[in-house]
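Q: Please take a close look at one helix in this structure. What does it do for the packing around it?

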Amino acid sequence: MTNSTPAPWPRALESVEDDERTRWGNTVRQYTAQLRGFFIKRVRNPADVDDMVQEVFLQLIQRDRNSKTGEAIEHMEQYTFQAAANVLRDRGRRDQVRHRSAHESFDEALHALTTEITPERIVLGHEGIDRVNAVLSQLPERTRDVFVLRWTEKQSFPEIAQMLGMSTRAAQRHMALALKHLGGVLG
């Protein structure tokens with residue numbers, strides 16, 4: 001694209017010849033604001049507006065190129081907004097098929113970590129693990145085994161009972177004792 005044509009949609013105009021480029025550059029300048037207004041009123045995501053405007057211009061250029069008679073579009077404004085309506089309808093169909101409304105877009109400000117991992121937090125985490133290990137070492141071996149199998153290995157009480165040769169109810173009592181002891185010591 002030459003510097004003499006400051007068209008806001010360079011990708012739409014990059015493949016046209018110089019005289020076409022001037023004509024389409026003027027068309028783009030004339031209808032961009034109107035098309036943006038058309039789409040802003042009708043789409044939920046403002047980030048889609050510029051893509052949709054460009055899509056309209058691409059369709060107009062393709063229609064012009066594929067025209068067998070080589071004639072210009074007779075009623076440019078009506079044709080432009082009919083193309084815009086089609087782009088809007090097509091986008092709506094695609095969004096519906098892809099269930100786009102069920103997707104959540106990633107916004108770095110909204111999805112940022114609420115706390116950063118700092119050396120201080122790492123040390124505090126290690127200290128907390130050391131405290132839990134010290135408290136667990138105070139438990140009877142069987143109670144500690146039930147706690148570890150349930151809490152860290154995510155085993156069910158019937159599985160723990162079978163592994164340790166006890167009843168399911170006994171495994172549940174051992175877990176309750178472990179939690180009571182941890183809660184009492186760690187607060």
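A: Take helix H3. Its buried residues are Val 49, Met 52, Val 53, Gln 54, Val 56, Phe 57, Leu 60, Ile 61 and Asp 64. Keep in mind that this is a predicted model.

Look at the spacing in that list. An α-helix has 3.6 residues a turn, so residues three or four places apart point the same way. Val 49, Val 53, Val 56 and Leu 60 are among the buried residues of H3.

Now check the length. H3 covers residues 49–66, which is 18 residues. At 1.5 Å a residue, the helix should span 26 Å. Its end C-alpha atoms are 26 Å apart, so the two values agree.

Next, the core. The largest nonpolar core has 18 residues. Leu 35, Phe 39, Val 56, Phe 57 and Leu 60 touch the most other members. Helix H2 (18–40), H3 and helix H4 (76–97) each give two or more residues to this core. H3 gives the most, with seven residues.

In soluble globular proteins, nonpolar side chains tend to be buried together.

Finally, step back to the whole chain. The chain has eight helices and zero strands. Of its 187 residues, 28% count as buried.

How values were computed:
Residues numbered from 1 in each chain as written. Predicted model: local features only at pLDDT ≥ 70, side-chain atom pairs only at ≥ 80, totals over all residues. Heavy atoms only, no water. Helix = DSSP H or I, 4+ residues; strand = E, 2+ residues; numbered from the N terminus. Expected span 1.5 Å × (residues − 1). Buried < 20%, exposed > 50% of the residue type's maximum accessible area, 1.4 Å probe, protein only. Core = buried A, V, L, I, M, F, W, Y, C linked by side-chain atoms within 4.5 Å.
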